[in-house]
Amino acid sequence: LSLGPAAQRPQAWLGEVPVLVVGDAIDWTAVVGLALSTAPGTGRLRVQSEGGAPHEQTFAIKPQRYREQHLQVSPRTVDLSAEDQARYERERDHQQQVMATLSTPWPARDALHMRQPVPGRRSSSFGLRRVFNGQPRNPHSGMDIAAATGTPVVAPLPGTVIDVGDYFFNGGTVWLDHGGGLLSMYCHLSQMDCTVGQRIEAGQSFCRVGATGRVTGPHLHWGVMLNRTMVNPALFL
Ligand code: ZN
């Protein structure tokens, strides 16, 4: 959404969550992530410009249909044991802290053009309604790229490593922070060649493709997050 001209970057919120604003004094643009679960209708953005009164900007949310995908995976990754369920809940709480990262400097407008982190075929797309071993689960919230175990993954933008871990569903995982609530995640990794706090340049290799966590084979799961919401990485390529 265009927020118009202003000397200073306006602030914008969707609910209570700050939204990415890019641009310059000629025109500022709010780049709003909408959750897959968002109902069609009218979206409302709260905007605060320097020296001005806060105001609301509305936008239309149109319906989008996604296909269904059936997958067969290890039964222990669908019907969780009490121990695995407790592990998942601990990891989910930790991931929510990671996802709330909001740092400066904010990315420039041209940062919204990313390079694909590994070459390869996109084996499944964002938004697919997933059925694991016959049971419906959360929709697919990223892009899967087919690549062999060990293939280097490069940063699509400059960023800072904010999390490195090995998680129940996501396997070996790295999160990068690009500023302003724009984050990216890399899952099912075989190797994480980076540490929290490390600065990674665009095009620099920082981890390797694998088949860890809930997978049917080696691939990179790539996620992009805006205002704590997973959005379609294809929009940035
Ligand atoms: Zn995936």
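Mentor: Two strands pair if DSSP finds at least two bridges between them. Keep in mind that this is a predicted model. Here, an open sheet of four strands runs in the order β3-β2-β6-β7, with antiparallel pairing.

Trainee: What makes β3 and β7 stand at the edges?

Mentor: β3 (17-18) and β7 (55-61) each have a single partner strand, so one side of each has no neighbour in the sheet.

Trainee: Why is H140 called buried?

Mentor: Buried means under 20% relative accessible area. H140 has 4%, so it counts as buried. D144, at 5%, is buried as well.

Trainee: What makes H140, D144 and H221 donors of the zinc ion?

Mentor: Donors are N, O and S atoms within 2.8 Å of the metal. H140 (NE2), D144 (OD) and H221 (ND1) lie 2.0 to 2.2 Å from the zinc ion, so they qualify. Along the chain, the donors follow the spacing H-x3-D-x76-H.

Trainee: And which residues touch the most other members of the largest nonpolar core?

Mentor: That core has 30 residues, and V153, L182, Y186 and F206 touch the most other members. The largest share, four residues, comes from β20. As for F206, leaving aside neighbours within four places in sequence, its contacts include V153, Y186 and I200.

Note on methods. Residues are numbered from 1 along each chain as its sequence is written. This is a predicted model: local features need pLDDT of at least 70, side-chain atom pairs count only at pLDDT 80 or more; totals for chains, interfaces and linings use all residues. Side-chain values use heavy atoms; hydrogens and water are left out. A nonpolar core is a set of buried Ala, Val, Leu, Ile, Met, Phe, Trp, Tyr and Cys residues joined through side-chain atoms within 4.5 Å. Buried means under 20% relative accessible area, exposed over 50%, partly exposed in between (1.4 Å probe, protein chains only). Helices (H or I, at least four residues) and strands (E, at least two) are DSSP runs, numbered from the N terminus. Contact means heavy atoms within 4.5 Å. Donors are N, O and S atoms within 2.8 Å of the metal (3.2 Å for Na, K and Ca); water is not among the atoms, so sites may look incomplete.
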